[in-house]
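Visitor: I'd like to learn how to read a model like this one, feature by feature. Could you take me through it?

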Amino acid sequence: MVAPSLKLQDLIEEIRGAKTQAQEREVIQKECAHIRASFRDGDPVHRHRQLAKLLYVHMLGYPAHFGQMECLKLIASSRFTDKRVGYLGAMLLLDERHDAHLLITNSIKNDLSQGIQPVQGLALCTLSTMGSAEMCRDLAPEVEKLLLQPSPYLRKKAILTAVHMIRKVPELSSVFLPPCVHLLHERHHGILLGTITLITELCERSPAALKHFRKVVPQLVQILRTLVTTGYSTEHSISGVSDPFLQVQILRLLRILGRNHEESSETMNDLLAQVATNTDTSRNAGNAVLFETVLTIMDIHSAAGLRVLAVNILGRFLLNSDRNIRYVALTSLLRLVQSDHSAVQRHRPTVVDCLQETDASLSRRALELSLALVNSSNVRAMMQELQAFLESCPPDLRADCASGILLAAERFAPTKRWHIDTILHVLTTAGTHVRDDAVANLTQLIGGAQELHAYSVRRLYNALAEDISQQPLVQVAAWCIGEYGDLLLEGNCEEIEPLQVDEEEVLALLEKVLQSHMSLPATRGYALTALMKLSTRLQGDNNRIRQVVSIYRSCLDVELQQRAVEYDTLFQKYDHMRAAILEKMPLVERDGPQADEEAKQSKEAAQLSEAAPAPTESQASQLLDLLDLLDRASGDAQHPPPLDPSPGGALVYLLDLPCAPPPPAPIPDLKVFEREGVQLNLSFIRPPENPALLLITITATNSSEGDVTNFICQAAVPKSLQLQLQAPSGNTVPARGGLPITQLFRILNPNKAPLRLKLRLTYNHFHQSVQEIFEVNNLPVESWQ
């Protein structure tokens with residue numbers, strides 16, 4: 001005989017009354033034993049009560065898998081009380097991972113065929129909760145029949161079940177297409193809302209359904225217009241906004257139907273303007289409708305005035321007291337800044353004010369948008385605001401702010417002096433947070449600005465004398481002092497206040513850098529080289545410099561030791577060559593050595609054209625063969641006319657040849673990665689002036705519902721190639737097709753070796769850390785041959 005067990009209410013009270021976790025476990029284990037014994041004895045009267053207690057135990061996190069078969073027995077029962085608990089247990093205890101869920105397919109089919117609405121509702125709820133793909137395929141005809149039932153209760157549940165089926169089995173779209181058009185004429189709130197959701201799922205997963213439902217755009221427009229003007233039903237109004245949930249769903253569907261379709265977009269333009277101007281923004285419900293309206297306007301082929309209206313709505317959102325609304329506005333404006341730059345620029349003061357937000361996520365979004373708004377006309381004003389923000393911004397934003405300022409200054413600098421001042425300010429304020437290439441870029445910039453050498457060296461000397469903790473600043477200052485130390489000692493710079501500096505002060509400052517515990521090995525290398533170069537630029541005795549160099553011959557750092565040994569050898573054995581070896585660095589163009597090579601080639605070509613005799617007949621025929629070969633390679637150029645065999649005719653034709661070769665055919669783009677809406681594409685460019693160089697632009701896009709954060713892309717190539725990674729445009733890809741991240745790879749392949757690329761991606765998506773390592777072997781042949 002089974003021992004008496006507790007009732008459900010008594011069990012809940014006893015579990016809540018347990019003072020320790022051990023007492024709770026004891027109560028639950030004891031009651032689970034009673035439940036098992038009752039299941040073994042097959043008590044049909046109290047089976048549903050025992051399962052109800054087991055479901056409560058399952059909700060507390062304890063194992064309850066032994067009740068799965070009892071759920072099947074209760075579902076097969078003819079009593080409603082048993083079916084109710086059985087279906088609830090199936091929804092909680094069964095899923096696709098258990099084969100037992102397939103055993104209830106026949107029971108659900110029988111219950112759906114009955115005319116008892118509560119039982120049909122239970123079956124539909126269970127199917128929409130845990131129905132697998134096999135169950136959806138088997139039960140789709142029954143659900144389709146229920147979509148046209150007269151009862152609103154059943155139709156609403158059947159529509160939601162159909163949504164689940166479409167998500168599980170997209171090929172079932174054709175089954176539910178015909179009923180949807182009929183359901184759009186319903187006035188019942190739940191049925192209409194569910195129908196709009198079902199049509200949205202169909203359009204997102206089936207191109208045929210998308211084409212089919214574009215015919216009902218006028219009907220959807222009329223439904224939404226009725227909601228906005230006359231209201232739908234007073235019981236569904238929230239804060240004076242008529243049924244905002246239905247409005248939002250219709251706007252989302254219109255966005256899908258109007259995307260890349262001119263006719264549908266034109267049909268809904270007037271309605272979107274009406275919604276944007278008549279919706280009350282004093283409550284959150286109205287703001288939600290307005291935000292969906294803005295997203296719809298930006299995704300379809302809307303008129304220019306309508307897009308400006310949408311941007312202005314987002315600008316008003318920036319003034320809202322709710323932080324969530326301001327964050328949404330900043331994120332949306334960041335997506336629109338590329339397509340509607342001038343309209344977003346009007347709200348630049350408000351965006352800049354958002355930099356002072358105490359919320360870290362808001363200030364980060366405001367920083368990204370502020371950097372995107374910088375252009376050649378406002379670069380001075382924006383840099384002042386961003387530099388002021390850099391001084392007070394949180395540490396986790398300082399690196400992004402510094403990198404953004406450096407990139408914007410490099411792109412839009414009005415003058416070289418302004419560019420140098422901006423970089424120096426960043427190095428002084430946040431030198432430890434700048435990119436690795438900041439030092440090389442600034443030294444190259446200073447070296448190319450010959451008229452600013454004296455100004456730069458004095459500015460850097462003053463900055464170094466005040467602070468030697470910022471390592472990039474110390475490295476640039478040491479390099480500049482070593483190169484232009486003679487200009488520092490002359491003191492003839494008229495652009496800044498006069499400052500008298502003697503040789504001993506300069507040497508003492510560099511020695512201080514060498515001896516500082518804050519100096520990195522690379523910084524000490526810069527300082528030691530600067531001392532060595534000053535040995536040829538100073539007028540005094542070099543004994544102090546020689547002593548410092550000799551000290552570092554026994555340094556523990558191998559690189560610094562080797563450098564000191566070589567410099568000391570230069571003093572002892574090759575002192576007569578020291579002045580020539582330590583001359584100033586030659587001017588380097590911003591484009592690198594390619595410009596010098598092109599200038600040299602053009603000069604040689606000019607000399608050859610001046611000294612070359614008139615071409616002979618054999619030379620003319622060789623020229624014809626060469627042109628024919630180029631013609632076969634390009635495939636687009638026309639064959640030249642036959643040359644005159646006379647020398648004069650050949651010379652005349654030479655003058656008619658084009659000066660530049662035809663542009664190469666574009667290299668096709670390549671998609672190399674896709675996961676959960678995150679996609680990575682490669683685009684290729686080979687500069688005609690340097691065929692050995694390949695520029696690869698990495699573009700990361702995100703079509704999912706969640707933002708991609710902390711995105712990092714790293715690459716590796718075979719040893720025979722040289723790879724240089726430029727800094728990415730950001731580290732966050734907003735959801736739903738937000739502003740993508742781009743990054744430039746420069747690959748030098750002088751031997752035209754087959755190109756292979758190994759990529760490593762790390763990012764956070766849906767609150768999970770993702771790391772992918774893969775190799776790209778299918779790069780276009782045009783990218784390396």
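This is a predicted model: local features need pLDDT of at least 70, side-chain atom pairs count only at pLDDT 80 or more; totals for chains, interfaces and linings use all residues.

Visitor: What is the value of phi at Asn 260?

Guide: Phi of Asn 260 is near 60°, a positive value in a residue other than glycine.

Visitor: And is Asn 260 buried or exposed?

Guide: The cut-off for exposed is over 50% relative accessible area. Asn 260 has 64% relative accessibility, so it counts as exposed.

Visitor: Where else does a residue like that turn up, say Asn 710?

Guide: Asn 710 is found in strand β6, and phi of Asn 710 is near 50°, again positive in a residue other than glycine. With a relative accessible area of 42%, Asn 710 is partly exposed.

Visitor: Let me step back. How many helices and strands does the protein have?

Guide: There are 35 helices and 10 strands. Of the 785 residues, 47% count as buried. Among contacts with a separation of 6 or more, 66% are between residues 24 or more positions apart.

Visitor: Now helix packing. At what angle do α5 and α7 pack?

Guide: The general idea is that angles under 35 degrees count as roughly parallel. Helix α5 (residues 80-93) and helix α7 (residues 117-130) pack at an angle of about 10°, and their axes are 9 Å apart. That makes α5 roughly parallel to α7.

Visitor: Which residues in α5 and α7 meet?

Guide: From α5 come Phe 80, Lys 83, Arg 84, Tyr 87, Ala 90 and Met 91. In α7 they meet Pro 118, Val 119, Leu 122, Ala 123, Cys 125, Thr 126, Thr 129 and Met 130. The residues of this contact divide into 10 nonpolar, two polar and two charged.

Visitor: On to the cores. Which residues touch the most other members of the largest nonpolar core?

Guide: That core has 175 residues, and Met 165, Phe 176, Phe 213, Leu 254, Leu 369 and Ile 446 touch the most other members. Its largest share, 11 residues, comes from helix α27 (residues 471-490). Take Leu 369 as a case: leaving out residues up to four places away in sequence, it touches Leu 330, Leu 333, Leu 334, Val 337, Val 344 and Val 351. A second, separate core has 32 residues, including Cys 713, Ile 741, Phe 745 and Trp 784.

Visitor: Sheets next. What is the strand order in the open sheet of three strands?

Guide: A general point to begin with: in a regular strand the side chains alternate between the two faces of the sheet. The order here is β6-β9-β10, with antiparallel pairing. The edge strands are β6 (708-716) and β10 (768-776), and each pairs on one side only. From one strand to the next the twist averages 10°. Nine bridges pair strand β9 (residues 757-765) with β10 in the antiparallel sense, and Thr 762 stands opposite Gln 771 in β10.

Visitor: How many residues of strand β5 are buried?

Guide: Seven of the 10 residues of β5 (residues 693-702) are buried, so the strand is largely enclosed by the rest of the structure. Strand β4 (residues 678-685) runs antiparallel to β5, joined by eight bridges, with Val 678 opposite Asn 702 in β5. Eight bridges also join β5 to strand β8 (residues 741-748), again antiparallel; the bridge partner of Leu 693 in β8 is Leu 748.

Visitor: One last stop: where is Arg 756?

Guide: Arg 756 sits in the loop between β8 and β9, and at 40% relative accessibility it counts as partly exposed. Leaving aside neighbours within four places in sequence, Arg 756 is in contact with Ala 716, Val 717, Pro 718, Glu 775, Val 776, Asn 777 and Leu 779. Arg 756 and Leu 779 are 23 residues apart along the chain, and their C-alpha atoms are separated by 7.3 Å.

Terms used
Residues are numbered from 1 along each chain as its sequence is written. Side-chain values use heavy atoms; hydrogens and water are left out. Axes are lines fitted to C-alpha atoms, for helices over the stretch in contact, and angles run from 0 to 180 degrees between N-to-C directions. Helices (H or I, at least four residues) and strands (E, at least two) are DSSP runs, numbered from the N terminus. Angles under 35 degrees count as roughly parallel, over 145 as roughly antiparallel, 65 to 115 as roughly perpendicular and the rest as oblique. Contact means heavy atoms within 4.5 Å. Ala, Val, Leu, Ile, Met, Phe, Trp, Tyr, Cys and Pro count as nonpolar, Asp, Glu, Lys and Arg as charged, and the others, Gly among them, as polar. A nonpolar core is a set of buried Ala, Val, Leu, Ile, Met, Phe, Trp, Tyr and Cys residues joined through side-chain atoms within 4.5 Å. Buried means under 20% relative accessible area, exposed over 50%, partly exposed in between (1.4 Å probe, protein chains only). Two strands pair if DSSP finds at least two bridges between them.
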